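Here are some friendly notes to read alongside the structure. Keep the 3D view open and go through the points in order.

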Amino acid sequence: MPELPEVETVRRGIESRVVGRKILDVEVGRERSVRRVGKEAVVHGLTGTTMVAARRRGKYILCDLDSGDAVMIHLRMSGRVLVEPTGTQRPAHTHVVLQLAPRDGLHEEMWFVDPRTFGEVVVYDPRLEAEVLPELAKLGPDPISDRFDGGVLAERLAGRRGAIKPLLLNQHVVAGVGNIYADEVLHRVGLRWSRTVDTLSRKKIDKLAFAIREILAEAIESGGSTLQDTQYVDVEGNVGSFQENHRVYGREGLGCLTCGKTSIRRVMVAGRSTAYCPRCQR
Ligand SMILES: [Zn+2]
């Protein structure tokens, strides 16, 4: 599932390839992708408009339109946004197509492709955001875009109980961290997934906040992580390369690159695969 670095990479791609180009025509194939507002609202809301900005909150891509409306794109499990020359054979599961005004003589389309159809495209009036997208107001701080440090994280963790890993995955605590980056962050700060939040000193929370920012920034720099399923690609169809820097995720049974003394273990935590080094993480 794409996490903050992958979503940010897609956002940057939309910014450079789609923002500023008029949307000439809109096709919606699978209505499930536009279930929240319906096909008519998406087709009418986008046709003839131009995206003027592409923003992001956690894993949500929010694009402003010159009409005053906005479009939210969420990739969820398997969504992809691709920009391809018009006439290119569309892959299976291409559910939404935006025909873009030609740029430099190039006719192109933006595709929303989503085999598992958990993803969404929503066109909405930003003044009604609280009603249409109520989950946005509940999101925790975005560790890249918002002012985010140990103080902010400590505040978000205050009054919460239990193991640290599920809390990092909770989008109300921090927006955008998912399974891969939670494991990598906990390894970098030497915390086991099961450490309870009440045992963390403020100094440790500062380190945790720093590592979240640091790892997400490094991953954005690498264009995100593409796993063996090669599900995630950027808008040009390129895979990311941060998986080459993973120290625990996807490395179970292999030697720990940090201590060199033991192998990475894998356990299931709250239904999610969790990788950690029993020696480095306590
Ligand atoms: Zn280790």
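**Notes on helix packing and a few loop and strand residues**

1. Let us begin with how two helices cross: H1 passes H8 in a right-handed crossing. The residues that make this contact are Leu4, Pro5, Glu8, Thr9 and Arg12 on the H1 side and Leu216, Ala219 and Ile220 on the H8 side. By class, they divide into 5 nonpolar, 1 polar and 2 charged. Please keep in mind throughout that this is a predicted model.

2. H1 and H8, the latter covering residues 202-221, pack with their axes 9 Å apart and at an angle of about 45 degrees. That angle makes H1 oblique to H8.

3. H1 itself deserves a look. This helix runs over residues 4-17, which is 14 residues. From its first C-alpha to its last it reaches 20 Å, close to the 20 Å expected at 1.5 Å a residue. Is H1 mostly covered or mostly open? It is mostly covered, with 11 of its 14 residues buried. Among the buried ones are Leu4, Pro5, Glu8 and Thr9, which also take part in the contact with H8.

4. Next, find helix H7, residues 179-188, whose axis comes within 9 Å of the axis of H8 and crosses it at roughly 125 degrees. H7 and H8 are therefore oblique to each other, and their crossing is right-handed. From H7, the contact uses Tyr181, Glu184, Val185, Leu186 and Arg188. From H8, it uses Leu208, Ala211, Ile212, Glu214, Ile215, Leu216, Glu218 and Ala219. Sorted by class, this contact has 9 nonpolar, no polar and 4 charged residues.

5. H8 has a further partner in H5, residues 150-157, with the axes 8 Å apart and an angle of about 110 degrees. The two are therefore roughly perpendicular to each other. Which residues meet here? Gly150, Gly151, Leu153, Ala154 and Leu157 belong to H5, and they meet Arg202, Ile205, Asp206, Leu208, Ala209 and Ile212 of H8. The contact of H5 with H8 holds 7 nonpolar, 2 polar and 2 charged residues. Leu208 and Ile212 are also listed in the contact of H7 with H8.

6. Now for the loops. Aspartate 104 is not a glycine, yet has a positive phi of about 50 degrees. You will find aspartate 104 in the loop between strand E6 (94-103) and strand E7 (106-113). Is aspartate 104 buried or exposed? Its relative accessible area is 78%, so aspartate 104 is exposed.

7. Alanine 270 is a residue other than glycine with a positive phi, near 50 degrees. Alanine 270 sits in the loop between strand E9 (265-269) and strand E10 (272-276). With 68% relative accessibility, alanine 270 counts as exposed.

8. Finally, step back to valine 269, which lies in strand E9. What is the relative accessible area of valine 269? The value is 9%, so valine 269 is buried. Leaving aside residues up to four places away in sequence, valine 269 touches Pro166, Trp193 and Thr274. Proline 166 is 103 residues away from valine 269 along the chain, while their C-alpha atoms are separated by 7.9 Å.

How values were computed:
Residues are numbered from 1 along each chain as its sequence is written. This is a predicted model: local features need pLDDT of at least 70, side-chain atom pairs count only at pLDDT 80 or more; totals for chains, interfaces and linings use all residues. Side-chain values use heavy atoms; hydrogens and water are left out. Helices (H or I, at least four residues) and strands (E, at least two) are DSSP runs, numbered from the N terminus. The expected span of a helix is 1.5 Å times one less than its number of residues. Buried means under 20% relative accessible area, exposed over 50%, partly exposed in between (1.4 Å probe, protein chains only). Axes are lines fitted to C-alpha atoms, for helices over the stretch in contact, and angles run from 0 to 180 degrees between N-to-C directions. Angles under 35 degrees count as roughly parallel, over 145 as roughly antiparallel, 65 to 115 as roughly perpendicular and the rest as oblique. A crossing is left-handed if the near helix is turned anticlockwise from the far one by less than a right angle, and right-handed if clockwise. Contact means heavy atoms within 4.5 Å. Ala, Val, Leu, Ile, Met, Phe, Trp, Tyr, Cys and Pro count as nonpolar, Asp, Glu, Lys and Arg as charged, and the others, Gly among them, as polar.
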